[in-house]
Structures are given as structure tokens and as C-alpha cells.
Amino acid sequence: MNTKPYSPEEARGIVGSLKQPAVFCNMACDWPALKWSVEYLSSVLEDKPLRFRIGKRQTAKAPQFETQCCYAEATLSEFLAWTQGQPDAAIGPFSTSPYSQCWAYADYKYIAMLFEEESAMFQVQCVTLWCAVYVQYISQPGFGA
């Protein structure tokens, strides 16, 4: 197991005195969120809807901006069903977006609202949570195809 080079208090003091960006290595190695799976988060969030941006899987020289995508309100369970090709996904919020032709992204900027009732669990681990969701998505066959 990695040892933290600074205590949280020391890191906070250093950050407060910085005049330029810095990277702190091994400071998140013991965060509980590192062990969270998308299935676990789905059970914690239950029926809370997330806003997913849905775009077309395509090779292009320009990015697909938000205005070129559609949006769907769905639970994390519905998102998982869609990425795993479960029959329920064919009638849910992703029904008009075939997984083989589309990608979906839930923006991390809304995470604080999602975890209002689980604030002790949330704390400062929001980035790790959405990394877990994103990694689940990109690990699916056909990503970027």
C-alpha cells in the first residue's frame, strides 16, 4: 500500500500557499471510492435520475458538442442495462439510442445533488465516482468505433 507523502492538513497548507498548479501523488490511495463499482453506485442511488448526454459513435475530425447531442433522464441501473444489452433497455430512456451506434455520458457536475442524502459518503470523492462510471463505459466492446 502506498504511503501518503503529506497529511491532509499538510496538503491543505501547501495548496493554500501555491502560486501555480501542483500534482500530489499517492494522496487518494486510501479513498473508499476507489473500491466502488458502478453496480454499487446504482444500488446507492436507487431510482435517482441522472442526465445523460447521448451522441453518435463516429469517426470525425471535430468533437460532438453538447448542442449536437440529445439528452435522456435515466437511472444508473437503466444505463447499466443499456451498456450490457439487456432487454429492458429497449423500452427505457435509451430505447431510441442503440448502444452499437451511440455513447452516453453523465456529467460529474451534478454529483453533489445526487448525493445530498448520502453526504457523508460523498465528501471529496466525486471525481473518483465518475471515473468509475466512465471506465465502465469505455471498457465496453466497440468504444470509439
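How many of the 5 residues of strand 3 are buried? Keep that question in mind while you move through this predicted model; the answer comes at the third stop.

**Stop 1: the whole chain**

Show the chain as a cartoon. Its secondary structure comes to 6 helices and 3 strands. Starting at the N terminus, the elements follow one another as α-α-β-β-α-β-α-α-α. Of the 145 residues in the chain, 34% are buried. Contacts also reach along the sequence: among those between residues at least 6 apart, 60% join residues at least 24 apart.

**Stop 2: the sheet**

Select residues 50-56, which are strand 1, then residues 70-74 for strand 2 and 102-106 for strand 3. These 3 strands make an open sheet in the order 2-1-3, with antiparallel pairing. Strand 2 and strand 3 are the edge strands, since each pairs on one side only. Neighbouring strands in the sheet are turned against each other by 35 degrees on average, direction ignored.

Look next at the pairing itself. Strand 1 and strand 2 are paired over 5 bridges in the antiparallel sense. To find a place on this side, select Phe 52 and Ala 72: Phe 52 stands opposite Ala 72, which belongs to strand 2. Strand 1 is also joined to strand 3 by 5 bridges, again running antiparallel. Here select Arg 53, whose bridge partner in strand 3 is Tyr 105. While side chains are displayed, keep one rule in mind: in a regular strand they alternate between the two faces of the sheet.

**Stop 3: strand 3 and its cover**

Return to residues 102-106, strand 3. The answer to the opening question is 4 of 5, and strand 3 is mostly covered.

**Stop 4: helix 3**

Select residues 76-83, helix 3. This helix lies across strand 1, strand 2 and strand 3. Against strand 3 it runs at about 155 degrees.

Which residues of helix 3 are buried? They are Leu 76, Phe 79, Leu 80, Ala 81, Trp 82 and Thr 83. That makes 6 of the 8 residues in helix 3, so helix 3 counts as mostly covered, buried meaning under 20% relative accessible area.

**Stop 5: past the end of helix 3**

Note on methods. Residues numbered from 1 in each chain as written. Predicted model: local features only at pLDDT ≥ 70, side-chain atom pairs only at ≥ 80, totals over all residues. Heavy atoms only, no water. Pairing = 2+ DSSP bridges. Helix = DSSP H or I, 4+ residues; strand = E, 2+ residues; numbered from the N terminus. Axes fitted to C-alpha atoms, helices over the stretch in contact; angles between N-to-C directions. Contact = heavy atoms within 4.5 Å. Buried < 20%, exposed > 50% of the residue type's maximum accessible area, 1.4 Å probe, protein only.
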